[in-house]
Amino acid sequence: MTPPQGEVKRTRALVLPPDPRCGYRAVMPKSDDTPLMQQWRDAKSRHPDALVFFRVGDFYEMFCEDAEEGARLLGLTLTSRNNGGAAHVPLAGVPARARDEYIERLIRLGRRVAICEQVEDPAEAKGIVRREVTETVTPGALLADTLLADRRNNFLVALSDAGAGRLAIAAADISTGEVIALEVAETALEAELARLEPAELLLPVSWEGREWPAGTPVRTLRPDWLFEADAAADELRRRYRVHGLAGFGFQPEDRACIGALGALVAYLAEVQPGALAALRAPHIERSGAAMALDEMTRRNLELVEPLRADTGRGSRAATLIDVIDETLTAMGGRLLRRWVLRPLLSPEQIWARQDAVAELLEDAPRRRSLRTALKEIRDLERLAAKVGAARAQPRDLDTLRAALERLPAVRDALVDVRAPLLTAIASLDTLGDVHALLAGGLADAPEAAAGGGGVIRDGYDAALDELRALRDGAQDTIAQLQSQERTRTGISSLKVGYNKVFGYFIEVTRANADRVPADYERKQTLANAERYVTPELKAWEQKVLTAEERIASLEVRLFTELRQQVAERTVRLQQTADHVADLDVLCALAHLAERRDYVRPEVHTGYALEIRAGRHPVVETMMPREAFIPNDVVLDEEQRIMILTGPNMAGKSTLLRQVGLIQLLAQIGSFVPAGRARLPVCDRIFTRVGASDDLVRGQSTFMVEMHETAAILHNATRASLVLLDEIGRGTATYDGVSIAWAVTEHLHETTGAKTIFATHYHELTQLSELLGALVNFNVAVREAGHDIVFLHHLQPGGADRSYGIEVGRLAGLPASVVARAREILHELEGVHGGAGAGLGRTGAGAPPAARDQLSLFQQPEPAALERLRRLDVDRLTPIQALTILAELRDMVDATARRTTPDPGNR
Ligand code: ADP
Ligand code: MG
């Protein structure tokens, strides 16, 4: 596949209709501008939404509104510049060498920067130097290493309407060359964006007014026609230099995808034309191949980002990826992250990954030699993209050479592998020709930039070797010349020297001046000496003095050619990079399994989930080995729903997430932290964990909770795993418990999903009497006087007390407050102590005093029941029926309804 091509001359912005919403507007010259300001205004008019970094000598200057904004954002001094006559314009500048630092800061603030370079040599310019915007740095179009995170992609994502409630998504990471296109239901957009983590969104301008949730990245608008399939298809054919798009796997119904992709490529051609050459053929993701992880689940399971950045104890909260990422290359790290955010749905694919991991786990020597080789391979994927975009510097090629050097070792270490995924990798292209090119052309430990003379290897180019010999031979030649001239003239004090003004000379003391030969030409007279040149010396000088310059320009040319030769093999480099990244991840998972003692789960197509001695992959790493208490969890046809109760800090949330993480790990093909596990393939994993920081997102906690709960109820199926942690907490107790109750009923009766529901509403434990496939479990604690000991052990039955006061005491509530709380609790228990226990008091060995809560869902008054039973309904008149109804209600009303005060949760 031919990589797409950038235009040589960039006129795109000019042919677009000037639409200020898209960042275009007409040029507005001011008649009294100086030529420099006219030039600036021209650049600015084409990039009004960017800060223009305008190169003037050793500085990038910002003018007018840019100067004001730039000075504010970057803390620069705002000055002014004369703009002819008495007029002045605001000015702020940054030194050219520090450019990237400033750009980085602006990008992090969500701004974009158009870099306007001097595109002709000032020495040769007639009048003012010509300047052009050569690239626009935007959050989604980044190439600088300093701005990119090693282990995550930096996607630019374009969206377009596909009709019928569907959207097309196109994504490109120009730092790696990856291009993806897919179509999703509008409702799944959030989940897909959560997975792709775009740095910038590209949208049709008609979407201008749409609302986006907080945290949505920078949005860039472009004219709608760019997103239309026909225009977009033309764009793609032109950029990729293909006749049709069917070769990419596009179907006739993929018009919206083509639209989004075409707009994306057109935009990249506008902002980073050089990068187009490294773009790979688009990969079309068909739905159904991967599990969609909604943002809530991704956040709550802390897959790649912690819920709270810091744990309050100063240590950084760890995420799943922090713990399981044993990859050795950055590209492997990115791939693992993608696997985590895109679990598989096909059991065959899961088994295939498991087979490969198992084989690498069993064969430790093979794994060790692979990992030794992988360590040196580095980021082949980004190196390939850099070479393809002609941005690779000598040291990048050096790194590439070192990486390629290890490829044969990788292939050798894969001899006789059995797992199909590994045999596919074993056939990798080791790129011997590319390595030979680099090994032959590139000097060892090359200088940072071509032109200094230390980049191209000796013996690579005869002309370069000769120039170098000339330059390096200067000292020898001088010594030789000096002794030759001394002999010839008989002047033993004769010296050959050099100064900047006169170049090479022969110096003779005044006393010996009359002995110089006739071909000596006087050049300079000093106090005690005369300086001369000879024709021979002049000719030689000419060669030596230009050698450095010629070396520099020749070296730049040779380096560029070398890079170009490598660039022609970009596609092969990228394919090998894919194989190596796959291998790195598979080896990493094997290494992880060994290091953390994970087992291969039996993944099956049935319903039951059975985890024996399961552990939380992240929490277990935060405590000494053996300190983490493993637990068994079984969810099958007989017990689909587990109601999990237990005091705060018992370990409910940990257990809940542990099940979700184990299931997710299994579906990415990883082994799992358990003694043994049999796991189904889930179509979705839903988690709703009562998190307090949702207020930040501007909605009330309860609204958010209900919103997400609704989404779960609408989308969960029998094949889903639903993990609910304290839903209903955001509202008054009665409401909360009622909602929790109804949700549970719905999941049990209608959805049939495997569910774990952690709750402090003990009332829910009563549901086990009513719902056949619901079981109660609690996380055990032991009381020791006023202290409680958390056993973190899961046991059947509901919990009996909330132990809230004890937890408060452990957390450091003042002793007086704790004592008062005990008093109040005692009073409350005294008042209601005689009330009957609710239906759900199935807790094994519940202490008799554990009557801290009165059930909302009490058994109806026995007397009322008795009365009902005795009724002969057939003989009642309507009036009688009403009277009895009122009577019954009064009987039931007499029962106090109350629950304990909310014990709160972490
Ligand atoms: P809950 O949700 O019941 O309030 P958490 O799940 O938040 O409790 O757990 C509280 C703390 O208990 C965790 O931070 C962890 O340190 C510890 N913990 C939880 N489960 C276990 C376990 N199985 N083994 C050891 N420690 C655990
Ligand atoms: Mg909890």
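1. Strand 7 (residues 156–163) pairs with strand 10 (residues 200–204) in this predicted model. The two run in the parallel sense, over three bridges. Within this pairing, Val-157 stands opposite Leu-201 of strand 10.

2. Both strands belong to an open sheet of six strands, ordered 11-10-7-8-9-12. Its pairing is mixed. Strand 11 (218–222) and strand 12 (283–285) are the edge strands, each pairing on one side only. From one strand to the next, the twist averages 25°.

3. What lies across strand 7? Helix 7 (residues 255–271) does, at about 150° to that strand. Helix 7 also lies across strand 8 (166–173), strand 9 (178–185), strand 10 and strand 11.

4. Now the ligand site. Ligand 1 has 15 residues around it. Ile-629, Met-649, Lys-652, Ser-653 and Thr-654 come nearest. By type, the shell holds seven nonpolar, six polar and two charged residues. Helix 21 (residues 652–667) gives the most to this shell, with three residues.

5. Which polar atoms of the protein lie close to oxygen atoms of ligand 1? A polar backbone atom of Met-649 is 2.7 Å from a ligand oxygen. For Gly-651, a backbone N or O atom lies 3.0 Å from an oxygen of ligand 1. Ser-653 uses its side chain: a polar atom there lies 2.7 Å from a ligand oxygen.

6. On its own, ligand 1 has 560 Å² of accessible area. The protein covers 87% of that area.

Technical notes:
Residues are numbered from 1 along each chain as its sequence is written. Chains are lettered from A and ligands numbered from 1 in the order in which they are written. This is a predicted model: local features need pLDDT of at least 70, side-chain atom pairs count only at pLDDT 80 or more; totals for chains, interfaces and linings use all residues. Side-chain values use heavy atoms; hydrogens and water are left out. A residue is near a molecule or strand if one of its heavy atoms lies within 4 Å of it. A polar contact is a pair of N or O atoms within 3.5 Å; within protein, one must be able to donate a hydrogen and the other to accept it, and residues adjacent in sequence count only if both atoms are side-chain atoms. Accessible areas come from the Shrake-Rupley method with a 1.4 Å probe; for residues, only the protein chains shown count as cover. Helices (H or I, at least four residues) and strands (E, at least two) are DSSP runs, numbered from the N terminus. Ala, Val, Leu, Ile, Met, Phe, Trp, Tyr, Cys and Pro count as nonpolar, Asp, Glu, Lys and Arg as charged, and the others, Gly among them, as polar. Two strands pair if DSSP finds at least two bridges between them. Axes are lines fitted to C-alpha atoms, for helices over the stretch in contact, and angles run from 0 to 180 degrees between N-to-C directions. Contact means heavy atoms within 4.5 Å.
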